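Me: Hi! Could you walk me through how some helices pack in this one?
Reply: Happy to, here it is.

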Amino acid sequence: MPTRLMLFIYSNRNIAGSLCALLVLALFFAGIIHAWWLPLTIGAYLFGWLILPPSRPPILEQLPQMPVDQAIDAICADFGPRLPAEPRARLGHIQALIHELAPRFATPAFPATARIELANTVSRDLPATIGNYLALPASFAKMHTLRDGKTAQTLLTEQLVLLHNELTEMAADLYSEDADKLISHGEYLKQKFQPYQFIDH
């Protein structure tokens, strides 16, 4: 079945419209409604479709102006409650690591290039990736396979694991004050952690 059709079937608006239409059909089969049942059913579906706003991820336009530790807090507060348990836990681990690193961001041991790439990753790429995930219907993201037999939920978790692992190595190098390795981690984040599109457009 085409992905676009699956997205429509799983969408909250289609589910709401279908429930409203089924209610009218139940009244028809119960003998309460006799005439105009078909237009009423169509109208009920449209009512259910229109009454729900389209799913939109929250827009965090202020993130680029925030310190990186405040940015990750805002991301966790805004996106965290919307995520399934495993990605939410991974995001919490990333938050803890960034707070561990934050006091040393402004020190000479933390090169400016690595600091910029880390800030871009946290304030731009991470919320874009999570926002793309949250734009999908929850049932679709959990059950429908997209790439390599993996669901969107699995792909999101892998992206968060990638970021967490890189931050872990960055923390280890920061504590050893290895500037060259920190710069290489910044380059890695720039190349590997980009906003992830779960659906090809």
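Here is our chat about helix packing and cysteines.

Me: What should I know before we start?
Reply: This is a predicted model: local features need pLDDT of at least 70, side-chain atom pairs count only at pLDDT 80 or more, and totals for chains, interfaces and linings use all residues. Residues are numbered from 1 along each chain as its sequence is written, and side-chain values use heavy atoms, leaving out hydrogens and water.

Me: OK, at what angle do the axes of α4 and α6 cross?
Reply: At roughly 10 degrees, and the axes come within 9 Å. Axes are lines fitted to C-alpha atoms, for helices over the stretch in contact, with angles running from 0 to 180 degrees between N-to-C directions. Helices are DSSP runs (H or I, at least four residues), numbered from the N terminus. So α4 and α6 are roughly parallel (angles under 35 degrees; over 145 is roughly antiparallel, 65 to 115 roughly perpendicular and the rest oblique).

Me: Which residues of α4 make that contact?
Reply: Val68, Ala71, Ile72, Ile75 and Phe79. Contact means heavy atoms within 4.5 Å.

Me: And how do α4 and α5 run relative to each other?
Reply: Those two are roughly antiparallel, since their axes cross at roughly 160 degrees.

Me: New topic: how many disulfides are there?
Reply: The structure holds 0 disulfides (a disulfide is a pair of cysteine sulfur atoms within 2.5 Å).

Me: Is Cys76 buried or exposed?
Reply: Cys76 is buried, at 14% relative accessible area, while Cys20 is partly exposed at 23%. Buried means under 20%, exposed over 50% and partly exposed in between, with a 1.4 Å probe and protein chains only.
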